[in-house]
Amino acid sequence: MIRVLLIHGPGGDALISDLTGQMEVDLIQAASLQAGKVQDARTTFDIILAPAPGYPGSPEPVYSLDLIQWNQNVRSRGDSIVFLLYTVVDCSLVVTDVTAGISIISPDQAASRSLISSFRQASNRGRLERSFRAGYDLQSRIIASMPLAYFQVEEGRITDANQACLDLLGRSSEQIKGLHISDLLSSEEESGSRYETSLITPDGPIPVRVCLLPEEKKSDIFSGIFFLEDRREPVELKARLRETERECREKLWLSETLVLKMDPDGVITFANNATLRCFGYMDPGLEGDHISMLLPPGIDPESVAPLNLFLGVANESEPTAIHIMEHQRRDGGKIYIAWTTKAYYTPSGELTGLLCIGTDMTDQTPEGEGRISTRIWRDRVIEGTDIMPEAFDAILQACIEIAREGREGKPVGTTFLVGDRDEVMTRSRQLILNPFYGHPADMRTVIKKDVREMLKEYALLDGAFVVSGDGMLEAAGRYITVDASQASLPKGMGTRHSSTAAITTVTRAVGLVVSESGGRVSVIKDGKIVKVIG
């Protein structure tokens with residue numbers, strides 16, 4: 001159904017008969033142009049038929065002006081109404097389509113068909129125009145309301161901008177239209193790629209990321225659409241991150257905790273003040289040096305062994321493990337550092353670096369030699385036993401040296417049972433003659449360094465060492481007779497660990513087991529591993 005508004009004039013009666021007789025139309029008639037405007041305000045029409053200017057009796061200049069204004073008003077409000085002007089010329093009805101041309105209609109059957117065809121074409125064109133306009137209006141509303149700012153450039157000049165862009169600029173549409181692109185951007189590029197620049201505003205430059213959508217070039221002057229992403233927040237976050245990193249680096253530098261970073265090749269990339277002071281490298285620093293220079297002599301700087309030591313710490317899953325490593329100071333002195341290490345990898349699994357957090361565990365022996373400090377955890381281990389702190393420290397130091405050095409380059413595993421001597425001797429037996437039997441006390445005390453050196457020879461023997469709580473070596477080569485089947489230890493532990501765990505459940509002794517395969521020292525009490533030093 002086509003809705004038609006007919007303004008009466010010469011030839012109007014013929015149009016009425018043709019329209020009502022041969023077409024399905026909703027025809028509304030108006031006696032004058034003013035009456036037609038009133039009807040147009042009430043109803044939406046597909047076609048408006050009005051007498052052409054110059055019909056008999058019309059005030060032509062005023063009428064023509066009214067028609068033009070009416071047509072403009074219809075267009076401005078977004079309606080897709082087709083305006084047709086009709087008049088009679090030499091007894092022929094002439095209908096002029098304001099947008100599509102002129103049709104000359106004669107008063108015969110062919111003329112009626114032609115008129116109907118023209119009306120239908122005009123009606124269909126109006127519908128298509130309304131459909132396109134609705135789609136265009138929807139897109140315009142979406143673009144106008146989207147948060148991503150943009151402005152359009154034609155031949156280097158700003159022609160349009162959405163509200164987000166105007167808000168970003170702090171200017172009105174009238175203020176930016178006609179400006180050159182260089183008036184808005186601190187730099188310009190004529191490519192479809194993204195780039196970072198600054199948007200020039202009255203309040204100062206705003207960092208933005210620009211994405212260009214260029215039009216096909218018709219000259220050397222650029223035309224296209226500039227999409228702008230506000231980068232103030234990311235830039236501010238980066239600035240804060242840099243400041244935070246600077247503050248963290250400063251705090252790490254001043255921290256008393258040792259902080260060390262190295263790359264996958266073992267080259268030190270950062271060492272804080274505490275680390276430099278601990279190793280005695282305050283003047284030259286350590287950045288750029290290989291980690292092997294901090295380890296005892298004999299490790300090849302070209303090998304990966306030093307890095308593997310720290311990687312072993314990083315990959316350790318045992319929660320009770322204290323990873324204490326022997327190091328060498330600049331002056332040649334020994335120090336012991338307990339490290340917690342984090343390894344960093346790419347998504348593909350490639351190692352990118354290591355972060356090592358350390359605590360100096362070094363104590364001085366009466367002879368002035370550095371040894372591992374047990375102050376943090378020793379009291380808990382020897383609580384409820386007859387073990388003297390210096391005796392425990394001496395045995396632990398001997399175990400660490402055996403685990404690290406072995407004997408004649410070969411790894412060695414052994415066991416020390418410390419404290420509750422009588423019960424331990426009762427629940428064990430000799431496998432060989434006791435090498436310590438009958439010797440004076442000063443030759444059997446583990447507190448002396450030369451006695452500890454002797455232990456490395458006897459560590460090759462099968463069986464366990466028995467040491468009294470005051471540090472006297474009572475026996476070597478002892479076989480533990482306690483049933484070890486009930487010992488509950490993590491998987492992977494051998495008979496040496498299980499038998500030691502078993503005897504500590506029925507005595508007040510503490511066991512220290514040196515692992516031959518892993519070179520670690522396990523401290524066992526009450527049938528449980530309470531500390532692992534690796």
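Colleague: Why does Phe 227 count as partly exposed?

Modeller: The relative accessibility of Phe 227 is 23%. Buried means under 20% relative accessible area, exposed means over 50%, and partly exposed is in between, with a 1.4 Å probe and protein chains only. The value of 23% therefore places Phe 227 in the partly exposed class. This is a predicted model, in which local features need pLDDT of at least 70 and side-chain atom pairs count only at pLDDT 80 or more, whereas totals for chains, interfaces and linings use all residues. Residues are numbered from 1 along each chain as its sequence is written, and side-chain values use heavy atoms, with hydrogens and water left out.

Colleague: Why is the pair of Tyr 150 and Phe 227 called tilted?

Modeller: Rings of Phe, Tyr and Trp (its six-membered ring) pair if their centres lie within 6.5 Å; planes under 30 degrees apart are stacked, over 60 edge-to-face, and the rest tilted. By this rule there are six aromatic pairs. The ring centres of Tyr 150 and Phe 227 are 6.0 Å apart and the planes stand at 40°, so this pair is tilted. Tyr 150 belongs to strand S7 (residues 149-154) and Phe 227 to strand S11 (residues 224-230), 77 residues apart. Strands are DSSP runs of E of at least two residues, and helices are runs of H or I of at least four, numbered from the N terminus. Tyr 150 is buried, at 11% relative accessible area.

Colleague: What makes the pair of Phe 416 and Phe 465 stacked?

Modeller: Their centres are 4.5 Å apart, with 10° between the planes. Phe 416 lies in strand S20 (residues 414-418) and Phe 465 in strand S22 (residues 464-467), 49 residues apart. Both Phe 416 and Phe 465 are buried. Ring pairs also join these two with Phe 436 and Tyr 458 in a cluster.

Colleague: Which residues touch the most other members of the largest nonpolar core?

Modeller: A nonpolar core is a set of buried Ala, Val, Leu, Ile, Met, Phe, Trp, Tyr and Cys residues joined through side-chain atoms within 4.5 Å. In the largest, of 36 residues, they are Phe 392, Phe 416 and Leu 512. Helix H11 (residues 389-405) gives the largest share, nine residues. Another core, of 25 residues, lies apart from it and includes Ala 271 and Phe 279.

Colleague: How do you know that H11 is largely enclosed by the rest of the structure?

Modeller: Of its 17 residues, 13 are buried, so H11 is largely enclosed.

Colleague: Why is His 497 called buried?

Modeller: The relative accessibility of His 497 is 7%, so it counts as buried. This residue is in helix H14 (residues 495-506). Beyond its neighbours within four places in sequence, His 497 is in contact (heavy atoms within 4.5 Å) with Leu 489, Val 513, Ser 515, Ser 522 and Ile 524.

Colleague: Why do S13 and S15 stand at the edges of their sheet?

Modeller: Two strands pair if DSSP finds at least two bridges between them. The open sheet has five strands in the order S13-S12-S17-S16-S15, with antiparallel pairing. S13 (268-271) and S15 (324-328) each have a single partner strand, so one side of each lacks a neighbour in the sheet. Three bridges join S13 to S12 (residues 258-262); in one of them, Lys 261 is partnered by Phe 270 of S13.
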